[in-house]
Every structure is written in structure tokens, then in C-alpha cells.
Amino acid sequence: MTEENKKEQVDLPENAFRELESGEEYRPIMSPDKTYREVTPWSVSWGIVMALLFSAAAAYLGLKVGQVFEAAIPIAIIAVGLSTGFNRKNALGENVIIQSIGACSGTVVAGVIFTLPALYIIPGLSAGFLPVFLSSLLGGVLGILFLIPFRKYFVSDMHGKYPFPEATATTQILVSGQKSGSQVRPLIFAGLIGGIYDFLLSTFGWWSEVLTTRVLPFGEAVAEKAKLVFKINTGAAVLGLGYIVGLKYCLIICAGSIFVWFLVIPSFNLFWGDTVLQLNSAASSLPIAQMSPEQIFTTYARYIGIGGIAMAGIIGIVRSWSVIRGAVGLASKELKGKSSLARSVMKRNQRDISMKILFFSIVITLVVVLLFFWLGVIHNFLQALIAFVVVTVIAFLFTTVAANAIAIVGTNPVSGMTLMTLILASVVLVASGLSGREGMLAALIIGGVVCTALSTAGGFITDLKIGYWLGTTPAKQETWKFVGTLVASAAVGGVMIILNKTYGFTGENALAAPQANAMAAVIQPLMSGQGAPWLLYGIGAVIALVLTFLKIPALAFALGMFIPLELNTPLVVGGLISWFVSTRSLDKSVNKARLEKGTLLASGFIAGGALMGVVSAAIRFAGFEYTCTMNDTLSQCLGLIFYLAIILYLAKSSLSAKKE
């Protein structure tokens, strides 16, 4: 390391989170004109260790409660702690690589556990380590390869247009590792508050995690009779997420939730209360009047959201077709050797994997996918070819949808897109003559590949945005991401099989695996010749078209229709705090300072919550279970008090910022 590199800028530029003006350039912390330590034995080995550990923790928690914590943030915290503890100077580039390799754990785990446990849930099906490992590995590799051509569009061309909440929080943590003293204290303090708060909430349940109108004297009656209920999650991490996303997108997302929960669900009860609807192959046998609002949402209404997500994705693909065509054109030019000179003079922080290498890697991976389907799953070349086409088309086209969702709200609707994939794949496979147990096995493997591809692509855009803000070399991130995916695929495959043998996914005391159970419930009737909820999908698709015509972001609204109400309402609270602290002063520089401090504090909330989620998962894995016996009304009141306290802390601390 040269003396020149020892004194580096340690703050993100003031234009890091806003749109650039005409002719303005973004200059990252790590100068594009210098060389830094990035890929070293230290960063690679620690990245692999993180991928192994967090894959095991995320797999257990995800199969237990259906939630996969985001690994990028806690891994970034650990990376900063390691470099500080071992006194490694100028370790920013290494920490990005550690985080990027390790973060594969969360994305690969999500792709696997949302689908493949159904192989053990459906009677008569089973799978060994190799099919699980290959489906997750091939899906992850496809997700990385398909996303790379779109890196520049999402992280550079759209600079300032997307909030990238998780990438923002992770970047703030990595930057804090380069700072000292008062600059880091707000982040650490907010992380401690958010982490302890969410740990006590999720592990011990000392106050209610979800506030609901059911606690009111008339609330339960309204919920059961009119199917109207309001809920809000009181977690600190979700509040911080809303602050970073910003009020505009938060309102649109929540509007989707309000539409479903306050209009669609009551309408189902009003018009078909005494009816057992057969719109869905996994429908309940209960009349709607006997179902709770939550049951109506899970059984019927959320499928409108899936249809909306699918149509919004298709619209997004059409709108970004010029970007897709440009990426393909760039690859074609480089393959013909026409752009080699341009690449040779390209700055370090703009350099991706060579398009020649990328093209041949995609071809080889697709050939392996086809052989895997033919020789390892279906054993009929025509049907294997059909499955291969379904996977290739959906994975490629919906890669941009997954990246878009992560860029907007930090939540990847991968389970909804995978459910749609399973339904389409099942319909196509049944039409080609493949049904029954073999058809279910094939459809689930297809779903596993697509789910992992979309999950990995969505997570990887976060890593690349972090690298863009900080100034690392994209080609190095892209290359070593494959190693992380390999390690995570092996780890999650082994862990899932061990958990199946230890706990099981069916029967008493089994792991819940809620998404996989939903996939199994949908796929069994489809492979037996029953239908899918096409009417609900169609309604969602029409809504997305109307929203697009009205110039309202359809994907954000559709995400709101699909994600449970209690996870969307706190986003608006966070967004309102962001708007409030950034508009109180007549001095724009004061507003800017307040907004930036709030972003730092919100990042601390997210980081603390994510890190304590790992600790909570470890405690549960060790067998500790705590049941709170507190009265529900008292628990809700305490929840409201504590929630108002962290809202006040976030707002008041942000307002205390002064312009530099």
C-alpha cells in the first residue's frame, strides 16, 4: 500500500443518495485511479466462513418461522469488527468482499427453503443431497450471470432514483469502519437501541410485536363480522427501513395493502360470505364468513398481489427492453472484438467480468441445467427441454424485476414469483404429459432453480450498489460471488437434510416451513388436473395495467398487495419521520444534515435488528423457547409505548443534527 493511499476520504460524497445533475459525476470513497486491497486470503477465507455459518443459521430460522434474515448487514458488522480488532488498515475493499461472499447465505437459503422442503412434505417424494445442491447452485449461478449485464443500469444509470435501503444501511456500516470518534457513535448507539429492542421483542415477547385493532373493545367484532382489521409491526428494523425507503414509495406500497385489506377482503365477505370459493387450488374448505381476515388474505387475496407482481414485472421488462437490448449488443460487440480497446481504458470501478467470459459461462451453465433436468430429474428429453426453456426465460426476464424490488423497498417478492413459476411450469408439464409424482418432483426442482436465481439476483444488486458507492472493482465482486454461492448451496443442502431427519417438515413438532407448505398445497392439485386461481391473477394484472396508465409505480403497489399488512404500515411511519425531519427548517442545508443523520440512525436500527436476529436464531437453535404469559391488552399497550419511544428517539435525534 502506498503512502498516497493511507489518507483517504472516509465520508460518502454529498451526492451519494440523490440524483446527479447534468454533467455531474459521482466520485466514490475509493478512488478509481488507485489500486486497493480487495481479494486477499483474509477477505476470501472470512467470506467463506461467514457463508457457512450464516447459511446454517438462516436455514434453521427460515424453516422454523418462514423468515430469512438479511445476512449482508450482520456480516458487514462482523467484517468491520474483525478488521478493527486485527488492526488492518485500509480494509474497506476487503470488507466489501467478505460481505459479498458471505451474503450469499441469505439469498441461497431463501431460494431453497421456500420451495425444496416440499420434496419431503408431499407424500411419496424425496430427494438426496445432490438434487438439492445442484438446483440451488445452478439457480444461484444463473442469477449472478443474468444480473451482471444490468449492473451499470441499476447502480449507475439509475443513481439516486432508487433508495436501495439495505445497501444504504450496509454501506453506512462499512464506511463507519473507516471512521472514528463522534462520526461512528450515532450509528453504534442506534444499532444498540434497535438491536436490544428487537431482540427483547422477538426472543422474549415482553411486549406485542404487532399492534392490532383487535385489542379494542369493538375491534374483535369488526374483524370477525366485517373482516376489517388494522395491524402494524413495532420492530425497530422495519421502522428504519421505512425511513430509508422514503415517504413516496412507502405510501404507494402501503396503498396496495390498504386496497387488499380494507376493500378486497371485506368485499369477499360481503358478496360471498356463505360461499366456499373454489378460485384457488389450495382454497380452504371453510365458508368465507367463518374465516379470519388473515385466512382470507392467505387463501385468496394475496394471489391478486402475485398477479400484480407478474404483470408489473412484464411491464418493467417491456419498458427496459432497450436496456436488455443494449446489454446484449454490448456483449455481441465484445465477442466480435470491437470493444476491447474501450475495456482496456475503462476505470477500475467500472470494469465488469469480460462479456466473452460471461457469454460462455452462461452457455455452459445452461447446458448443465439442461443435462441436470434430463439425466437427473425428468428422464425425458422433450419434457426436460420444455422445463429448461421455462427456467431460462423466467429467470432471465424476472431478474430485472427482482433487482427492481430490492432497489425500491429492500424486499424481494421471490416467493410470489416462484409460486407463479410453479403454476406455469405445472400447467406446461401436464400439457406435455408429465404429471403425478414425477411431475411434482420436476416442478419443484424447476421452482427451486428459479427461486434461487431470482433471490440471488435481487441480493447481488445490493452488493453491487454497495461496491458502486464505495468504489470497489465490480469484476472482483462478480467473480468471488460464485464461490460464496457454491459454499452456501452446499451448506444449505446439508442443513436442510439434517433438519428434515431431526425435526421433519410434517407431523407433530415438525418445522413449519410455511412457504414450502404453500408450494406443496398449490402443486399437488395442479399435477392432479385441478386449476389455479387465474381469476385472482387476472384481477391483479388488470390493476397493474391501470396503475401503469395512471403513472403510479405498479410494482411497489403490487408488493403492498402481496406482503402482509403489518409489515407495510410501519414503512409509512418511517417515511413520515424522514419527510418530517427533512422539511422543518427553511435552511436546506439544515434539512439535508438532519436527513443524513436520520439515515445513519435508521441504518443502525436495521443493522441492530438484523444482527440480533442471528443471535435469536442461535438461541432458538439451542432449544431455548420462551412463552410470554402477559395479558394481551397489557402487551399491546406496552408495545405502543415502546414503539412511540423509538419513533420519538429517531425523530428527535435526527432533528438535533446541525449543518457542517
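Author: Happy to. Let's start with phenylalanine 373: its relative accessibility is 1%, and since anything under 20% is called buried, this residue counts as buried. Please keep in mind that we are looking at a predicted model. Phenylalanine 372 has a relative accessibility of 9%, so by that cut-off of 20% it is buried too. The rings of phenylalanine 372 and phenylalanine 373 form an aromatic pair, with 5.9 Å from centre to centre. Their planes make an angle of 40°, and the pair is classed as tilted.

Now a step back to the other rings. The count of aromatic pairs comes to 24. Ring pairs also join Phe17, Tyr153, Phe154, Tyr162, Phe164 and Trp469 into a cluster. Some rings have a charge over them: arginine 302 lies over the face of tyrosine 303, 5.4 Å from the ring centre. Likewise, the charged end of arginine 584 is placed over the ring of tryptophan 579, at 5.3 Å from its centre.

Among contacts with a separation of 6 or more, 82% are between residues 24 or more positions apart. The chain exposes about 26,100 Å², of which carbon and sulfur atoms supply 66%.

Alanine 556 belongs to helix α24, which covers residues 554-562. Its relative accessible area is 0%, so alanine 556 is buried. Beyond its neighbours within four places in sequence, alanine 556 is in contact with Tyr249, Ile252 and Ile253. Alanine 312 is 244 residues away from alanine 556 along the chain, yet their C-alpha atoms are separated by 8.9 Å.

The other is glutamine 636, found in helix α27, residues 632-655. With a relative accessible area of 6%, glutamine 636 is buried as well. A polar atom of its side chain lies 3.0 Å from the backbone nitrogen of threonine 212.

Note on methods. Residues numbered from 1 in each chain as written. Predicted model: local features only at pLDDT ≥ 70, side-chain atom pairs only at ≥ 80, totals over all residues. Heavy atoms only, no water. Contact = heavy atoms within 4.5 Å. Areas by Shrake-Rupley, 256 points an atom, 1.4 Å probe, with all protein chains shown as cover. Phe/Tyr/Trp six-rings, centres within 6.5 Å; stacked < 30°, edge-to-face > 60°. Buried < 20%, exposed > 50% of the residue type's maximum accessible area, 1.4 Å probe, protein only. Lys NZ or Arg CZ within 6 Å of the ring centre and 35° of its normal. Helix = DSSP H or I, 4+ residues; strand = E, 2+ residues; numbered from the N terminus. Polar contact = N/O pair within 3.5 Å; in protein donor to acceptor, adjacent residues only side chain to side chain.
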